[in-house]
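Please read it alongside the sequence and the model.

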Amino acid sequence: MPPGKGASNSKADLEEELKAVVLADSFDELFQPLTLNKPRCLLPLCNVPMIEYTLEFLSSSGVHETIILCKSYSEKLQAYIKQSKWGKSGHSPMKIRIKVARTAESIGDALRDVDGDPGLRSDFILCTGMVVSNMNLSRLVAAHMANKRHDKDHIMTVLLQEASQTHRLHDKSDESVYLIDPSSNKLLSISSSPSLPRPKSISIQTSVLLSCPEVEMRADLVDTNVYVCSLQVLALFTENFDYQSMKRDFIHGILASDLLTSSIYAHVLSGSSALVSDDTNNYDRGADIGNFEIAMTAEAEFDFISHSGYAAGVIDTSAFDAISRDLIGRWAYPLCPDSSPADGPVYSYNRGCVYKAQFVFLGRESHVHRNVVLGPDSHVADYATLSEAVLGARCRVGENSVIRGSYMFDGAAVGKGSVIEQTIIGERVTVLDNVIVERGCIIGDDVTLGPNVRIPAFTQIARKRPQSTDRFSDDDMDSFSDEEGDSDSRQETRGFTASKDICSAAAGAATIEPFDAETLGLAGVGYVWSRTRKSGDDNEDDYHSTDMEEVKVRQLRTIGSSFADIELAEAELRDYASDGFSSDHEQATENISPMEVFQRELRLTIARAFEKDHSAEDAAFEISNVRLSYNGDQNDMRRIVIQEILGNINLDQLPTSAKSVLSRWGGVIQKCISSRVEQVNTIDIVERFCALDSAIDDDLRSRLFRQVVPLLYEFDIVEDLAVIAWYNKAVNKPSDQVSRELVQKIEVFVDWLNESDDEESNQDSSGDESTDDNSGTSE
C-alpha cells in the first residue's frame with residue numbers, strides 16, 4: 001500500500017458526516033393501552049414527546065442526518081416531524097428521514113430493512129426513539145473509530161449507565177451480569193435473564209476467564225439503548241435471522257459465538273472510563289467535546305476518556321417514572337422542564353422543583369408539594385394536593401383530591417375527593433368524584449372512571465376492547481379500527497361530575513358493547529384489559545407454569561411496582577432472603593408489605609453508607625433514591641435516618657461521640673427536612689429514640705437527649721424557634737406521650753434560646769429607633 005493511502009482514508013472517515021438510526025417502535029406491549037392511538041415515542045415525558053429528547057441528544061452530538069425506522073403510525077410520526085423544528089426546510093438543526101418497515105416484527109427485522117441503505121456509508125449511532133441523555137457523543141464516536149484501527153474486529157461500542165441494583169433506573173425484571181476487561185473496557189461476555197424465576201447461577205465460559213489477566217464482573221450496569229455501530233452490525237443481523245433483540249440475542253450471540261471473532265467494547269457512565277487507542281489523537285483534535293476530557297499519557301498505549309453524564313432509555317412505565325423523576329429533580333441537567341428541548345410552553349422553576357407553565361390556576365387552599373410539573377391552563381382546586389406529579393395542558397384537579405407520583409396527559413380531569421396513586425392517565429380521561437386509583441394503573445385515552453369506585457392496583461383500562469384475548473405489541477395497535485366506538489371516545493367531560501351526555505353515551509353503547517361498569521363505575525366508559533391468559537390456553541397447569549412467570553416479570557416493569565407485589569414461591573423468597581431482601585426465613589415466607597420492604601432497604605442503605613464512609617451528600621442522594629424507588633413516606637424516611645444516625649453514637653464516649661457523629665452525618669438529616677414543622681418533628685423523633693430505645697441504659701437517656709438537641713441547633717439542622725416550639729408543646733403533653741425527665745433536661749437550653757431572641761429583638765428595636773432619629777434629624 002502506498003504510504004499516503006492510509007492517511008487519506010483516515011481523512012475520508014473524518015469528513016464522512018455522522019449519521020444515526022433511531023428505532024421508533026418498541027415491539028412490545030409495555031405501554032398499552034396508551035399506545036393505541038400513537039407510537040410510544042410521541043408519548044409525553046414531562047409534557048415533551050419522548051422523541052424530542054432523542055433528536056436533541058443526537059443533534060448536539062454532531063449528527064447531520066437521522067434515519068427514523070418505524071412500523072406503526074408512520075403517518076402520525078411524519079406529521080409530527082413536519083410541524084416541529086426538525087421539519088422546517090432550511091432551518092432544521094438536523095436532517096430527518098423516516099423509513100417505514102411495515103413487515104418488521106422485532107428490532108432485528110427493522111435493522112435488516114435498513115441494511116444496504118445508500119445513506120449509510122460509515123459507522124453510525126444506533127438508539128431507540130425514547131432515549132434521554134445530556135451527553136455529547138462526538139468524541140466517543142471518534143474513540144470508537146480509533147479503537148477500530150487498533151482492533152480490526154471491533155464492530156460496536158455499547159453505552160452503559162452505572163446504577164446500583166436498588167437504583168430506580170435499574171430494570172427490576174432483568175438480571176444482567178457484564179464481564180469486562182478493565183484494561184481495555186472490552187466486553188467479554190454478558191449473561192442476561194429474567195429476574196423471575198430467580199436465577200441461581202450464571203454460566204461463564206472458561207475461555208472468557210482465561211482471555212485476559214483480570215476480568216471485571218458487574219451487575220450494576222444499565223443498558224442505555226445507545227450504541228455506536230459499524231456497518232458490519234447490520235450485515236450480521238441480515239445474515240442471522242435468530243437475532244431479534246439487541247442485548248439478549250445480538251450482543252450475547254456475538255460474544256458467545258465460536259465462529260465469529262467480532263469484538264464489542266463498553267463505555268460506562270458515572271465513575272468509570274473508556275479506553276481508546278492513541279489514534280484518537282488524529283481525530284477531531286480541536287472539536288467541542290462537551291464533557292469529555294482526554295488525559296494524554298506518553299507511555300500508555302491507550303488514553304482514558306473520562307465522562308460523567310446521564311443516559312437512559314424509556315423501556316417501560318417503571319423507567320418512564322424513574323426518568324421523569326430525574327428530569328424534574330434536575331439530575332439530567334440541562335434537560336429539565338424549564339429547559340425543554342422542544343418548542344412548547346415555557347415553564348418557570350420554583351422552590352422544591354415545582355415547574356409552572358403559563359395560565360396555571362392554583363386554588364388559595366391547594367397544596368403543591370415537591371417535584372410537580374403544572375402544564376399550561378391546568379387548574380388545581382382548593383384543598384387539592386399534588387406531590388411528585390406531572391399535569392399536562394388543560395388538566396383539572398377537583399377539591400380534596402390527591403395526586404401522588406402520577407402523570408396526567410393533556411385534557412385529563414379528576415373530580416372531587418379522588419385519590420390517584422402512581423398511575424399514568426391518558427389524554428382526555430375523566431375521573432369522576434370519589435374514585436380511588438391504586439398504584440400501577442395505566443388508563444388509556446378517552447376513558448371515564450366513576451363515580452364512587454376503587455380501581456385495583458396494576459389495572460389496565462382502555463376505551464376500546466381488544467379484538468381478541470391474544471397479546472398485542474404496541475406496534476400492532478394500529479390494527480384497531482380508528483372508527484370503532486369513535487363517537488364515544490371523542491366525548492370530553494370537562495366537569496367533575498357525570499354529565500347527561502356521558503351517561504347517555506354509555507347507555508347507548510351498552511346495547512352493543514357494554515362497558516365494564518362493575519369495575520369502572522356506573523358512568524364508566526371503557527374496558528378492563530386482561531393480560532393473564534393467552535387465547536386457547538386450556539391447560540391450567542401449563543398456563544401457570546409458563547405464562548405466570550411472564551406476567552410477574554411484566555408487572556415488575558410497571559410504574560409503582562416492587563418485588564413485594566409479586567407472589568413468589570417459597571424457594572424464590574428464600575433466594576431473595578439470602579441476598580438481603582429479607583432478614584430471616586420466617587419473614588421471607590410471609591406476605592411482606594411494600595412499607596416494610598422500603599424500611600428494610602433504607603436501613604441497609606444507611607448501614608452501607610456508614611460502612612463505606614460515604615460523604616453526607618452521597619448518602620443523602622442514595623437514601624432519596626431508595627425512597628423514590630419504593631415510593632416511601634418522607635416522614636418514615638426522616639425517622640429511620642435519625643434513628644440510625646443516633647444509634648451510631650458511642651454512649652460510653654459522650655459528649656465527644658455525639659458531636660463527632662452529628663458533625664459527620666448531620667447533613668443527611670438536614671436533607672430530610674424541608675420545613676419548620678419537620679424540624680419540630682425531628683426533635684420529636686430524637687426524644688422518642690432517647691426515651692424508648694432498648695439499647696440505651698436508663699441513666700444515659702437524659703444525658704444523650706441533653707447533648708443531641710443543642711448539637712442539632714449548633715449544626716443548623718433545626719432552628720431556635722423549632723426547639724422553642726417543641727418545648728412549649730411538650731410541656732403540655734401527657735406523660736405517656738413524652739418523657740418529663742427529658743423535657744426538663746433541655747429547659748436551661750430553651751431559656752437561653754429565649755433570652756437570645758429577646759436580646760436580638762431589643763437590638764433590632766434600638767436600631768429602628770436610631771434610624772428614625774437620624775431620619776428626623778436629616779429632615
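Helices (H or I, at least four residues) and strands (E, at least two) are DSSP runs, numbered from the N terminus. By that count the protein has 24 helices and 38 strands. The model is predicted, so local features need pLDDT of at least 70 and side-chain atom pairs count only at pLDDT 80 or more, while totals for chains, interfaces and linings use all residues. Residues are numbered from 1 along each chain as its sequence is written, and side-chain values use heavy atoms, with hydrogens and water left out.

**Overall**

- The protein has 779 residues, of which 53% count as buried (under 20% relative accessible area; exposed is over 50%, partly exposed is in between; 1.4 Å probe, protein chains only).
- The accessible surface of the protein is about 34700 Å², and carbon and sulfur atoms hold 47% of that area (Shrake-Rupley method with a 1.4 Å probe; for residues, only the protein chains shown count as cover).
- Among contacts (heavy atoms within 4.5 Å) in the protein with a separation of 6 or more, 60% are between residues 24 or more positions apart.

**Helix packing**

- Two packed helices are described by the angle between their axes and the distance between the axes.
- The axes of H16 (residues 594–612) and H17 (residues 616–629) come within 10 Å and cross at roughly 165° (axes are lines fitted to C-alpha atoms, for helices over the stretch in contact; angles run from 0 to 180 degrees between N-to-C directions).
- That angle makes H16 roughly antiparallel to H17 (over 145 degrees; under 35 is roughly parallel, 65 to 115 roughly perpendicular, and the rest oblique).
- On the H16 side the contact involves Phe 598, Glu 601, Leu 602, Thr 605, Ile 606 and Ala 609, and on the H17 side Ala 619, Glu 622, Ile 623, Val 626 and Arg 627.
- The residues of this H16 and H17 contact comprise 7 nonpolar, 1 polar and 3 charged (Ala, Val, Leu, Ile, Met, Phe, Trp, Tyr, Cys and Pro are nonpolar; Asp, Glu, Lys and Arg are charged; the others, Gly among them, are polar).
- H18 and H20 (residues 676–692) pack at about 45°, with axes 10 Å apart, which makes H18 oblique to H20.
- The crossing of H18 and H20 is right-handed.
- H18 contributes Gln 634, Arg 638, Arg 639, Ile 642, Gln 643 and Leu 646, and H20 contributes Glu 678, Asn 681, Thr 682, Ile 685, Val 686 and Phe 689.
- By class, the contact of H18 with H20 has 5 nonpolar, 4 polar and 3 charged residues.

**Backbone geometry**

- A cis peptide bond joins Gly 450 to Pro 451, with omega about 0°; Pro 451 sits in the loop between S35 (448–449) and S36 (454–455).
- The bond from Leu 654 to Pro 655 is cis, with omega near 0°; Pro 655 sits in the loop between H18 (634–646) and H19 (656–671).
- Cys 46, a residue other than glycine, has a positive phi near 55°; it lies in the loop between S2 (44–45) and S3 (48–49) and is buried, at 4% relative accessible area.
- Asn 434, not a glycine, has a positive phi of about 55°; it lies in the loop between S32 (430–431) and S33 (436–437) and is partly exposed, at 42% relative accessibility.

**Ala 311**

- Ala 311 lies in S17 (residues 311–313) and counts as buried, at 1% relative accessibility.
- Not counting residues up to four places away in sequence, Ala 311 touches Val 132, Ser 133, Met 135, Leu 159, Gln 161, Thr 224 and Leu 269.
- Ala 311 and Val 226 are 85 residues apart in sequence and 8.4 Å apart in space, C-alpha to C-alpha.

Notes. Left-handed = near helix turned anticlockwise from the far one by under 90°.
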